[in-house]
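Hi everyone, thanks for coming. I'd like to walk you through a structure that may be new to you, so let's get it up on the screen.

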Amino acid sequence: MQEQDKRAVESMCRCGLDLKSVISVFPKFPGEEIAAIYHSVNGRDIKTGGEHGISINCS
């Protein structure tokens, strides 16, 4: 899987899809690699309390 493919999978994982749905979106990619990316993205979101590290200054 190329780097841009991994980024596309990460994007779908962040859209709120479950693992089975993400795998079905990318049928040509190995399910193990998709699962690893999915767990990496969702694990990162759990550690940060679901926030994505974006801050906005509204002053």
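So, how many helices and how many strands are there in the chain? We have three helices and zero strands, which gives the pattern α-α-α when you read along the sequence. Please keep in mind that this is a predicted model.

Let's talk about confidence, then. The chain has a mean pLDDT of 82, and 76% of its residues reach 70 or more. If you go element by element, helix 2, residues 19-25, has the highest mean pLDDT, at 92. At the other end is helix 3, residues 31-47, with the lowest mean among the elements, 81.

A few overall numbers next. The chain has 59 residues, and 20% of them are buried. It exposes about 4,500 Å², and carbon and sulfur atoms supply 54% of that area. As for contacts, take the ones between residues at least 6 apart in sequence: 42% of those join residues at least 24 apart.

Now, the inside. Which residues make up the largest nonpolar core? There are eight of them: V9, C13, V22, F26, I34, I37, Y38 and V41. Two elements give two or more residues to this core, namely helix 1, residues 3-14, and helix 3. Helix 3 gives the most, with four residues.

I34 sits in helix 3, and its relative accessibility is 0%, so it counts as buried. What does I34 touch, once we leave aside its neighbours within four places in sequence? Quite a list: M1, V9, L19, V22, I23, F26 and F29. Here's another way to look at I34: D5 is 29 residues away along the chain, and yet the two C-alpha atoms are separated by 10.0 Å.

F26 came up in that list, so let's go there. F26 is buried too, with a relative accessible area of 14%. Again leaving out neighbours within four places, F26 is in contact with A8, V9, M12 and I34. F26 also belongs to the one aromatic pair in the structure. Its partner is F29: the ring centres are 5.5 Å apart and the planes are at 20 degrees, so this pair is stacked. F29 itself is partly exposed, at 22% relative accessible area.

Last stop, the cysteines. How many disulfides do we get? The count comes to zero. Take C15 as an example: the nearest cysteine sulfur belongs to C13 and is 8.8 Å away, and C15 is in no disulfide.

How values were computed:
Residues numbered from 1 in each chain as written. Predicted model: local features only at pLDDT ≥ 70, side-chain atom pairs only at ≥ 80, totals over all residues. Heavy atoms only, no water. pLDDT = per-residue confidence, 0-100. Buried < 20%, exposed > 50% of the residue type's maximum accessible area, 1.4 Å probe, protein only. Contact = heavy atoms within 4.5 Å. Areas by Shrake-Rupley, 256 points an atom, 1.4 Å probe, with all protein chains shown as cover. Core = buried A, V, L, I, M, F, W, Y, C linked by side-chain atoms within 4.5 Å. Disulfide = S-S within 2.5 Å. Phe/Tyr/Trp six-rings, centres within 6.5 Å; stacked < 30°, edge-to-face > 60°.
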